Amino acid sequence: MAKSVTQEFTKGLWKEIPPFRLVLGLCPTLAVTKSVENAIGMGVAVIFVLVGSNVLVAMLRKIIPSKVRIACFIIVVATFVTVVELLMQAYTYPLFLKLGIFIPLIVVNCIPLGRAEAFAYKNGIIPSFADGLGLGIGYAMSLTVLAAVREIFGSGTFYGNQVFGPSFQPFNFMVEAPGAFVCLGLMLCVMNFIGKKG
Amino acid sequence: MREMLKMIIVLTALCSFSGGLLAALRNETMEKIENQQLEFVKGPAIRDILKGSANDPIADRFKIKVGETEKSFFVGKFDGKAETVAFESTGKGFGGDIGLMIGVNVADDKIVGIGVTTHSETPGIGSRAKTDPRFAAQFKGLPLTGDFKVKNDGGKVDAISGATVTSKGVAVAVTEAAKAYTSLKPELAEKLKGFK
């Protein structure tokens with residue numbers, strides 16, 4: 001029962017959207033969603049790593065012995081993460097300074113490793129590409145939504161632009177760490193509620 | 001046995017491939033990364049010190065070998081003369097090394113300005129060495145030679161209240177810079193001629 005490529009792609013956008021449905025990759029989700037700009041940067045990095053590692057693992061799946069597969073996955077993921085890190089340093093240095101440690105931490109993020117193990121190791125190149133792209137975009141979207149809520153209420157801006165008048169008192173709690181948890185919790189709640197109905 | 005061999009071969013091949021790829025990419029991006037770091041980490045201090053220069057000090061830079069390492073010098077042109085250079089020096093602060101950019105006029109050996117680039121001092125206390133312009137301003141116009149000390153140690157530098165260790169670190173950085181400047185001056189003057 002092979003699902004179509006489109007299905008593999010769209011499942012990442014809703015049915016298996018990483019932070020909300022799979023509840024994976026929460027560490028950077030909580031940390032980088034202070035502003036929409038950071039969230040998009042992180043999202044793009046994750047999309048690149050996820051697509052790259054998925055395709056490469058799918059390509060090599062026949063020659064990777066199953067006993068050392070996790071080690072191989074880690075090498076593949078780490079390579080792509082380092083590529084992203086170097087490129088970010090070379091072209092978008094201010095973003096690199098803001099995301100800091102969370103770029104190298106994509107290596108131990110469960111999403112790329114989890115997709116390599118659960119999907120790319122068992123499927124062909126094209127479905128793996130679709131899977132990686134779908135989940136990556138889903139992840140980037142979730143980060144952006146979460147960041148938008150936190151940024152709008154926490155600092156009264158959206159992508160660095162003021163949205164409220166000067167009388168707006170920023171709700172500082174939202175840009176601090178506990179705000180991230182509360183916000184994520186509320187979103188999970190909304191997602192589950194909609195999911196149950198549908 | 002065969003399986004073990006396969007594992008070894010696959011892992012080795014994968015590791016060497018990724019190692020090679022990353023090494024190549026690093027070489028490729030090294031210069032760009034260096035430029036970016038200069039622009040965003042040291043750039044603000046350099047531009048502040050050499051404010052109003054006719055050229056771009058970050059583009060017009062050169063290196064001089066000092067012992068094992070290379071020191072970068074940033075050239076500022078004023079009134080058509082390339083006589084001002086900025087370079088970095090370090091001193092030990094309260095939370096770690098303090099990176100200090102120092103601009104000096106080669107014609108009269110006087111400091112044109114200083115600015116902290118990198119530090120890990122306490123926010124709001126030691127970090128004022130970077131943010132409070134009054135602290136940096138007192139170095140302006142002093143001849144870059146000899147020892148710099150805070151008033152507690154019998155010197156002339158007014159320490160930031162509550163951040164004596166940080167202020168001492170900055171003074172040490174200036175002293176180090178003076179040492180480096182004195183020993184490198186002939187070479188510096190020679191290199192600066194190339195920018196006229």
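Predicted model: local features only at pLDDT ≥ 70, side-chain atom pairs only at ≥ 80, totals over all residues.
Local features were taken at pLDDT of at least 70 and side-chain atom pairs at pLDDT 80 or more, whereas totals for chains, interfaces and linings use all residues. Residues are numbered from 1 along each chain as its sequence is written, and chains are lettered from A, with ligands numbered from 1, in the order in which they are written.

Helices and strands are DSSP runs, numbered from the N terminus (helices H or I, at least four residues; strands E, at least two). In chain A, helix α4 (residues 36-60) packs against helix α5 (residues 69-91) at an angle of about 145°. Their axes lie 9 Å apart. Axes are lines fitted to C-alpha atoms, for helices over the stretch in contact, and angles run from 0 to 180 degrees between N-to-C directions. The crossing of α4(A) over α5(A) is right-handed, that is, the near helix is turned clockwise from the far one by less than a right angle. Residues are in contact if their C-beta atoms, placed from the backbone, lie within 7 Å. On α4(A), the contact residues include A:F48, A:V49 and A:L56. Among those they meet on α5(A) are A:F73, A:F80 and A:V84. By class, this contact has 11 nonpolar, 2 polar and no charged residues. Ala, Val, Leu, Ile, Met, Phe, Trp, Tyr, Cys and Pro count as nonpolar, Asp, Glu, Lys and Arg as charged, and the others, Gly among them, as polar.

Between the chains, 17 residues of chain A are in contact with 18 residues of chain B. Helix α5(A) gives the most to the chain A side, with 9 residues. That side has 13 nonpolar, 3 polar and 1 charged residues.

In chain B, 9 of the 12 residues of strand β3 (residues 81-92) are buried, so the strand is largely enclosed by the rest of the structure. A residue is buried if 20 or more other C-beta atoms, placed from the backbone, lie within 10 Å of its own, exposed if 12 or fewer, and partly exposed in between. Strands pair if DSSP finds at least two bridges between them. β3(B) pairs with β2(B) (residues 69-78) in the antiparallel sense over 6 bridges. B:F78 has B:K81 as its bridge partner. The β2(B)-β3(B) hairpin has 2 residues between its strands, and B:D79 in the turn has a positive phi of about 50°. β3(B) also pairs with β4(B), antiparallel, over 9 bridges. Here B:A86 stands opposite B:G103.

How values were computed:
Contact = placed C-beta atoms within 7 Å.
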